Amino acid sequence: MSLTLARRASAEFAGTALLVAAVVGSGIAAARLSPGDVGLQLLENAIATAFALGALILTFGPVSGAHFNPVVSAVDWWLGRRAGTGLTGSDLAAYTAAQVAGAIAGSVLANLMFDLPAVAWSHTDRTGGNLWLAEIVATAGLVVLVFALARSGRTSAAPAAVGAYIGAAYWFTSSTSFANPAVTVGRAFTDTFAGISPTSLPGFVAAQLVGGVVAVAALAAWYPHAGHAADAVVVPHLTQETETR
């Protein structure tokens, strides 16, 4: 792995870890501070996640693009192939590995910060066609959003727009919008408010991948040249020339 790719992969690792730490940690805090009121717990969890995601995009976007999501990275690679933009195959492999590892690390970190066992497999079952449909909708919407922003030259709005979308999707989807295979895997490592049982992972991840395919089809219809902007997803990152100046 080149030094440049290693730097970008480390940003994806750290960003995804902090994102999952925010999701899991705020879920634990919400459950402790607002016992017996699941609606308020979800609101607290959603607000913290939306704000954290926006801040993390601002922090790591210039380094790696702040994907934090294997589906976003995979669509970036797929759409950018013909245009010669976006991630290469080796980039995609490094990003995906970093994102999954970071998500697991973030879950462990949140557990430790709240004085819980570092790893505790979740017992929260999340399964059913309605939840899988919700994950397709949540993931497809997220991917279309980030590519629409890039293609229309509005990546400066990405931190607010992506954070707002995820915060809203907590409420308008029955699955509370995981929309991210790496984050889904990471959340299996905590038996807390935000957890998901390992047996529920295959259905959620499969639905998220389907959501990515739906997004590719939608982008082909609405933004047929989205691949030309793949270098700017989620936000433009520093080129090697810029980094060495």
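Reader: Where is Ser-122 placed, and is Ser-122 buried or exposed?
Author: In this predicted model, Ser-122 sits in the loop between H4 and H5. A residue counts as buried when its relative accessible area is under 20%. The relative accessible area of Ser-122 is 4%, so Ser-122 is buried.

Reader: Which backbone nitrogen lies 3.1 Å from a polar atom of the side chain of Ser-122?
Author: Apart from residues up to four places away in sequence, Ser-122 touches a set of residues that includes Arg-187, Asp-191, Gly-195 and Pro-198. The polar atom asked about belongs to the side chain of Ser-122, and the backbone nitrogen found 3.1 Å from that atom is the one of Thr-124.

Reader: Asp-115 and Ser-177 both have a positive phi; which of them is buried and which is exposed?
Author: Asp-115, with phi of about 60°, is not a glycine, and it lies in the loop between H4 and H5. Ser-177, with phi near 55°, lies in the loop between H6 and H7. Since exposed means over 50% and buried means under 20% relative accessible area, the value of 71% makes Asp-115 exposed, while the value of 4% makes the buried one Ser-177.

Reader: How do the directions of H3 and H4 relate to each other, parallel or antiparallel?
Author: The axes of H3, residues 70–80, and H4, residues 89–113, come within 9 Å and cross at roughly 175°. An angle over 145 degrees counts as roughly antiparallel, and therefore H3 and H4 are roughly antiparallel.

Reader: Which residues of H3 make the contact with H4?
Author: On the side of H4, the contact is made by Gly-89, Leu-92, Tyr-95, Thr-96 and Gln-99. The residues of this contact divide into five nonpolar, four polar and no charged. From H3, the contributing residues are Pro-70, Ser-73, Ala-74 and Trp-77.

Reader: Why is H3 said to be largely enclosed by the rest of the structure, and what covers its buried residues?
Author: Eight of the 11 residues of H3 are buried, so the helix is largely enclosed by the rest of the structure. Among these buried residues are Val-71, Val-72, Asp-76 and Leu-79. The cover over the buried residues of H3 includes H4, H5, H7 and H8.

Reader: Which residue has a side-chain oxygen that reaches the backbone nitrogen of Val-71 at the start of H3?
Author: Val-71 is one of the buried residues of H3. At the start of this helix, its backbone nitrogen is reached to within 2.9 Å by a side-chain oxygen, and that oxygen belongs to Asn-69.

Reader: How many residues does the largest nonpolar core have, and which element gives the most to this core?
Author: The largest nonpolar core has 49 residues, and those with the most contacts inside it include Ile-57, Phe-68, Val-146 and Val-234. Among the elements that give two or more residues to this core are H1, H2, H3 and H6. The element that gives the most, with 10 residues, is H5.

Reader: Which peptide bond is cis, and what is its omega near?
Author: Leaving aside neighbours within four places in sequence, Val-146 is in contact with Val-72, Val-162, Val-233 and Val-234. Val-234 is found in the loop between H8 and H9. The cis peptide bond runs from Val-233 to Val-234, with omega near -5°.

Terms used: Residues numbered from 1 in each chain as written. Predicted model: local features only at pLDDT ≥ 70, side-chain atom pairs only at ≥ 80, totals over all residues. Heavy atoms only, no water. Axes fitted to C-alpha atoms, helices over the stretch in contact; angles between N-to-C directions. Helix = DSSP H or I, 4+ residues; strand = E, 2+ residues; numbered from the N terminus. Parallel < 35°, antiparallel > 145°, perpendicular 65-115°, else oblique. Contact = heavy atoms within 4.5 Å. Nonpolar A, V, L, I, M, F, W, Y, C, P; charged D, E, K, R; others polar. Buried < 20%, exposed > 50% of the residue type's maximum accessible area, 1.4 Å probe, protein only. Polar contact = N/O pair within 3.5 Å; in protein donor to acceptor, adjacent residues only side chain to side chain. Core = buried A, V, L, I, M, F, W, Y, C linked by side-chain atoms within 4.5 Å.
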